[in-house]
Amino acid sequence: MKVLLITGLLAENTVQHYAQENRVKTKVLALKVPVAALLIPERIAKALENLKGHDFDVILIPGLTRGIASVIADTTGIPTFKGPRYAADLPTVLNALGQVKLSTVSPACDILREELQRKALQELEVVEKDRDALLKKKGNMLIRELAIGKDFPMRVMAEIVDAPLMSNSEIQRLAKDYVKVGAEIIDVGMVAGETKPSDAKRAVKAVKSVVNVPVSIDSLDPNEIREAVSAGADIILSADAGNINKIAPFASDTAVVVIPTNQREGYFPKKAEERVSFLEDLIEKAKKLGITKLIGDLILDPSNVVESLIAFGEFANRNPNVPLFVGVSNVTELIDADSIGVNALLARLSSEVGASIMLATEKSSKAKGSVREEVIASKMMFLAKKRGSVPKDLGLDLLVLKDKRVREEPYDKEVEANSQVITATEKFEPAILDTAGVFRITLDRNEGTIVALHFATLQADKPSNIVKGRTAERVYTEIVERGLVTRLDHASYLGSELAKAEIALKTGKEYIQDNPLFKKSYY
């Protein structure tokens, strides 16, 4: 196969470089336009009018080109598609030719990403379709309609922390939000040190009325557990040496997570071997009491993660048919680091010790988004285990603040040779108000939108216009089209603030107008 790669003058050397990183024969043609993204299909077609008769099998145009590539195919008679947005992705795209159907409308990198994701999700769907057959194998169990165990992806349990302190509507909103991002179990978290049986019942009922997933009760209090089970709780989290006798009479038809403690007496073994032995004894006792659906939790201790993981691993080796529960958020909530990386690593470790359920909480601001992060991480780790690979190049990822490949084109200092170089400095000049009005920028995280509140004057107590959109571009385009900004400095300020707001919306960072998003620079 021979491929003609169209680009602009500035990117010619970069495209040449990446085009050589594969076995496909290529020729790079740089048209007389500095930036490739400024090319349009009609202009490319005109430049290639005399191409008929050449032995190219495919033409790839820049992925950022606006318009439809079929215009070029009509002129040249050669199949023409959009290539990747960035030259760094050319080797991947060229190697995929003949295996993936490219598009005349969408960039090739999008098509490849969607194809990888489609295959990944398809693999996961096959497992769920084989549920009945897999449930016959030891180590798997059905909780309501949810299959858990070693042959299924780790299920994410999302906790509604301190549910008794919330109204029914707030409990229901959180339950729906968590299920929307992929949580497969909703956990009703009770208030530690208090006894609120009626609230346990109320909260479980509230959750079950709006979502169709298993519901767990997160308490060691037998009275709270009893009321929650009477309201339809599917999982008890947790049973230990201090409460197991009292909860057994109403736990026979419910899945029970057993922990190696006696909270009533303040006992929690620190050493891995002690934890394993104590949990094994408690599970045997639970079976004798008539509890059949048993799940083990060795407790992920944030003060000694390594010892905890050793305990999980040892228990899994000795009891391969007991599903395991890992309280991932025990660590995530108690470390000052971005949750996305912490959750990904903990999911990997949980997968290695054979976990079936991971707990996600979003109590602190830094842990917001943990439910979604654990859901994606769970799928990644299952695919990696199934494929016998590392969790990389799976079609799913948790890359948000870093990039997998370098697409940024290095700055060429040679361009400064015949140009005036202006060093921008910070200027302190009094602001001149725009006669069209002023803006307050904020976020509506429930809607997932950027909100620009327009006030006609500084004295106005209510906005005259409210412009909302999911991206900075949509918001500022609407502002300009409606004539709500008239000064260039005001327009540039708005563009800067809206861009910050969009980054905050996508990353979970807090947005405060006129404040920097990142207070530290690590690079």
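# A walk through the predicted model

Just after helix H14, Gly 354 adopts a positive phi of about 85 degrees. That is a handy place to start, and one reminder belongs here: everything below describes a predicted model.

Let us step back into the helix itself. H14 covers residues 339-352, and at 1.5 Å a residue its 14 residues should span 20 Å; the C-alpha atoms at its ends are 20 Å apart, so expectation and model agree. Which residues of H14 are buried? They are Ser 339, Val 342, Asn 343, Ala 344, Leu 346, Ala 347, Ser 350 and Ser 351.

The background is simple geometry: an α-helix has 3.6 residues a turn, so residues three or four places apart point the same way.

Asp 162 sits in the loop that runs between strand S7 (155-160) and helix H7 (168-180). Its phi is near 55 degrees, a positive value in a residue other than glycine. With a relative accessibility of 24%, Asp 162 counts as partly exposed. Ile 299 also has a positive phi without being glycine, in this case near 70 degrees. You will find Ile 299 in the loop between strand S12 (294-296) and helix H12 (305-318). Is Ile 299 buried or exposed? Its relative accessibility is 16%, and because buried means under 20%, Ile 299 counts as buried.

Another loop, between strand S9 (215-218) and helix H9 (222-230), holds Ser 219. This serine is buried, at a relative accessible area of 8%. What surrounds Ser 219, once its neighbours within four places in sequence are left aside? The contacts are Met 190, Glu 224, Ile 225, Leu 237 and Ser 238.

Charged side chains come next, and the structure holds 35 salt bridges. One of them pairs Asp 234 with Arg 144, at 3.9 Å from N to O. Asp 234 belongs to the loop between H9 and strand S10 (235-239), while Arg 144 belongs to the loop between strands S5 (140-143) and S6 (146-149), so this pair ties together parts that are 90 residues apart in sequence.

The side chains of Glu 284 and Lys 287 meet at 3.6 Å, N to O. Both residues lie in helix H11 (residues 272-288), and because they are 3 residues apart, about one helical turn separates them. Glu 284 is partly exposed with a relative accessible area of 40%, and Lys 287 is partly exposed as well, at 47%.

Further along, Lys 468 and Asp 444 form a salt bridge of 3.8 Å, N to O. This pair links distant parts of the chain, with Lys 468 in strand S17 (residues 465-469) and Asp 444 in strand S15 (residues 438-444), 24 residues apart. Lys 468 counts as partly exposed, at 40% relative accessibility. Salt bridges can also share partners, and in this way Glu 273, Glu 280, Glu 314 and Arg 318 are joined into one network.

Val 400, Leu 401, Ile 503 and Phe 518 make a nonpolar surface patch of about 360 Å². Of these, Ile 503 lies in helix H17 (residues 488-507). The relative accessible area of Ile 503 is 38%, which puts this residue in the partly exposed class.

Methods. Residues numbered from 1 in each chain as written. Predicted model: local features only at pLDDT ≥ 70, side-chain atom pairs only at ≥ 80, totals over all residues. Heavy atoms only, no water. Helix = DSSP H or I, 4+ residues; strand = E, 2+ residues; numbered from the N terminus. Buried < 20%, exposed > 50% of the residue type's maximum accessible area, 1.4 Å probe, protein only. Contact = heavy atoms within 4.5 Å. Expected span 1.5 Å × (residues − 1). Patch = residues over 30% accessible without salt bridge, like charges linked within 9 Å, V, L, I, M, F, W, Y side chains within 5 Å. Areas by Shrake-Rupley, 256 points an atom, 1.4 Å probe, with all protein chains shown as cover. Salt bridge = Lys/Arg side-chain N within 4 Å of Asp/Glu carboxyl O.
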